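Subject: Structure handover

Hello,

The structure is below, with the sequence. Notes on what was found in it follow.

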Amino acid sequence: MSGQTLTDRIAAAQYSLTGSEVSRAVCKATTHEQTAPKKKHLEYLIQATQETTVNVPQMADTLLERVSNASWVVVFKALITTHHLMVHGNEKFLQFLASRNTLFNLSNFLDKTGSHGRPM
């Protein structure tokens, strides 16, 4: 059994229903599971940045949504995924992030959902 929570599974299913495979991959890469983002999801997202039909702003917005999650695990994995895409993805992803005024405001972040939240 995987460590995905019911919330993770529901979110991935919602993105599947709306037809957004990129958002689904972001969701799957940034689960509540306390492991690194799965390589297959990161590779899919890297490949997606190379395609001309992919909506890069939507990808970035989905990552930013995950950064505002209450769980430190999801936030950390969203930051790792973003960094991975900045390093290995197409330059248009990096250019889009650079064009945004505000990206990652973590100044008020505090995970109160578990015993490990406060130290993290």
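Leu 94 is found in helix α6, which spans residues 91-99. Helices here are DSSP runs of H or I with at least four residues, strands are runs of E with at least two, and both are numbered from the N terminus.

This is a predicted model: local features need pLDDT of at least 70, side-chain atom pairs count only at pLDDT 80 or more, and totals for chains, interfaces and linings use all residues. Residues are numbered from 1 along each chain as its sequence is written, and side-chain values use heavy atoms, with hydrogens and water left out.

Leu 94 has a relative accessible area of 36% and is therefore partly exposed (buried is under 20%, exposed over 50%, partly exposed in between; 1.4 Å probe, protein chains only).

Helix α4 (residues 56-67) also meets α6: their axes come within 10 Å and cross at roughly 65°. Axes are lines fitted to C-alpha atoms, for helices over the stretch in contact, with angles from 0 to 180 degrees between N-to-C directions. On the α4 side, the contact involves Val 56, Pro 57, Met 59, Ala 60 and Leu 63; on the α6 side, Lys 92, Phe 93, Phe 96 and Leu 97 (contact means heavy atoms within 4.5 Å).

For the protein chain as a whole, there are six helices and zero strands, in the order α-α-α-α-α-α. The chain has 120 residues, of which 40% count as buried. Of its contacts with a separation of 6 or more, 66% are between residues 24 or more positions apart.

Regards
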